[in-house]
Amino acid sequence: MTTFRVRDIFILGFLNFALFVGAGNIIFPPLIGLQAGTSVWYAAMGFLLTGVGLPVMTAIAMAKAGGSLQAITQPTGRLCSLVLTIACYLCIGPLFAIPRTATVSYELALQHYHPGAYGLAWWSLSFFALVVLISLHPGRLLDTVGKFLSPLKIVALLVLTITAMLVPAGAPLPPQGLYATSPFSQGITNGYLTMDTLAALVFGLVIVRAIQSRGVTSPRLITRYAFCSGLIAGVGLVVVYAGLFRLGLSSSGLIDGATNGAQVLSAYVHFSYGPGGDIFLGVLMTLACLVTAVGLTSACGAWFSDHTRFSYRTCIWFFAIVSMLISNIGLTQLIALSVPVLTAIYPVFVVLIVTFFMRTTFHSPARVIVPAAFVTFLFGLAEALSAAGGPLWLTTLSARMPLHNQGLAWLLPAAGILCVTFVNDQLRYKSKNH
């Protein structure tokens with residue numbers, strides 16, 4: 001029976017970490033650090049809850065499920081499960097996350113040099129050509145990414161993290177905007193925007209296939225190795241985020257009116273290293289975003305080729321082209337478009353992931369989980385429509401819910417429904433057996 005050595009487990013963990021650390025993970029913490037100012041660590045706690053805690057929990061759930069997203073969504077019924085799965089893959093794939101890798105790397109690698117009106121178009125074309133080239137050979141991901149690209153990415157991030165700790169560029173500012181009144185909830189919301197929980201649902205299949213590509217066939221060993229890789233990735237994320245929060249916190253004197261974290265990051269690195277820092281940051285972000293884009297494109301291609309008549313190669317080309325086109329709307333607009341969608345669907349997946357660990361106690365998982373997931377979706381939809389300027393009555397309804405200011409208006413209704421349906425499930429079982 002084929003098994004992994006400790007070295008192989010760490011390589012797998014580096015692969016998992018490298019897949020996670022992409023555009024959102026690097027651009028959101030610096031902006032939070034700058035805007036939250038002296039309240040940054042309250043915001044950081046909220047961010048780590050949804051940006052690290054949930055993704056690691058999801059990675060563990062996917063390890064137990066053998067990399068199958070359908071195993072997570074299965075209690076909602078065949079049709080709803082399919083819709084949720086497709087929504088997850090599209091959000092974490094060609095609609096938001098994959099295009100964002102190209103726009104972030106462009107802003108940090110090339111925009112300094114004022115490449116002209118068509119700079120982003122040419123950059124995205126070259127970027128996705130590389131994505132296609134690597135993604136067409138998924139069996140080599142552990143070697144290409146785990147052994148080569150991941151270590152380069154990790155070393156570069158460590159250099160950036162240590163620099164942020166040792167070379168402050170200014171004193172922390174007072175918290176700005178909503179960070180002055182609700183830094184924790186703002187951190188939670190920004191943790192959503194990394195899309196790492198959805199990414200973990202998608203990367204689960206990539207990790208399982210990477211393990212299987214080395215000849216490991218035992219479900220128990222696959223689960224163990226995937227579980228270990230998720231923990232390694234989680235620890236790495238916490239270290240990187242701490243450095244990036246610190247970077248943003250100490251960048252107050254460098255930039256005014258920043259609209260995204262890429263601008264904060266760019267200003268700080270230029271301050272610390274000069275023109276050479278611009279090159280360093282460009283290489284780092286291109287590597288980080290390229291690895292994430294390859295992982296997401298490979299995962300989307302694998303799932304859609306398994307569930308449609310299209311080949312893996314065709315799916316890779318299709319998603320790369322769609323992602324390239326969408327990336328050309330620009331980073332700030334792309335983030336703005338993603339907020340309402342993620343606000344609506346993220347809580348539903350949180351409920352499905354948390355209850356995945358409890359399903360052995362349910363006699364009828366569907367009867368317990370579906371009502372809670374449905375209520376969660378309604379509140380998430382209300383929050384999303386309110387954020388997008390929806391009807392006033394939805395804003396009023398959401399504002400009256402406990403934990404609304406923490407971005408968790410859905411939590412208590414979902415927990416209450418879950419308790420009621422669980423008790424009902426137990427009582428129905430007892431009545432049938434007496």
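Helix α3 (residues 40-64) packs against helix α10 (residues 196-212) at an angle of about 25°, and their axes lie 8 Å apart. This angle makes α3 roughly parallel to α10. The structure is a predicted model, in which local features need pLDDT of at least 70, side-chain atom pairs count only at pLDDT 80 or more, and totals for chains, interfaces and linings use all residues. Residues are numbered from 1 along each chain as its sequence is written, and side-chain values use heavy atoms, with hydrogens and water left out.

Helices (H or I, at least four residues) and strands (E, at least two) are DSSP runs, numbered from the N terminus. Axes are lines fitted to C-alpha atoms, for helices over the stretch in contact, and angles run from 0 to 180 degrees between N-to-C directions. Angles under 35 degrees count as roughly parallel, over 145 as roughly antiparallel, 65 to 115 as roughly perpendicular and the rest as oblique.

The crossing of α3 and α10 is right-handed (the near helix is turned clockwise from the far one by less than a right angle). On the α3 side, the contact (heavy atoms within 4.5 Å) is made by T50, G51, L54, P55, T58, A59 and M62. From α10 come D196, T197, A200, L201, G204 and L205. By class, the contact of α3 with α10 has seven nonpolar, five polar and one charged residue. Here Ala, Val, Leu, Ile, Met, Phe, Trp, Tyr, Cys and Pro count as nonpolar, Asp, Glu, Lys and Arg as charged, and the others, Gly among them, as polar.

Helix α10 also packs with helix α5 (residues 78-95), at an angle of about 95° and with the axes 9 Å apart. That makes α5 roughly perpendicular to α10. In α5, the residues C88, Y89, C91 and I92 meet L198, A199, L201, V202 and L205 of α10. The contact of α5 with α10 comprises nine nonpolar, no polar and no charged residues.

The crossing of α7 past α14 is right-handed. From α7, the contact draws on L120, S124, L125, F128, V132 and S135. The α14 side supplies Y312, I316, W317, A320, S323, M324 and S327. This contact of α7 with α14 divides into nine nonpolar, four polar and no charged residues.

The largest nonpolar core has 140 residues. Such a core is a set of buried Ala, Val, Leu, Ile, Met, Phe, Trp, Tyr and Cys residues joined through side-chain atoms within 4.5 Å. Those with the most contacts inside the core are I72, F127, L198, L201, I211 and L265. Helix α13 (residues 275-307) gives the most to this core, with 15 residues. Leaving aside neighbours within four places in sequence, I211 is in contact with F4, L12, V216, I222, Y225 and A226.

T3 lies in the segment before α1 (6-20). T3 is partly exposed, with a relative accessible area of 44% (buried is under 20%, exposed over 50%, partly exposed in between; 1.4 Å probe, protein chains only). T3 and T217 are 214 residues apart in sequence and 9.2 Å apart in space, C-alpha to C-alpha. Beyond four places in sequence, T3 is in contact with L221 and Y225. T355 sits in helix α15 (residues 331-356). At 1% relative accessibility, T355 counts as buried.
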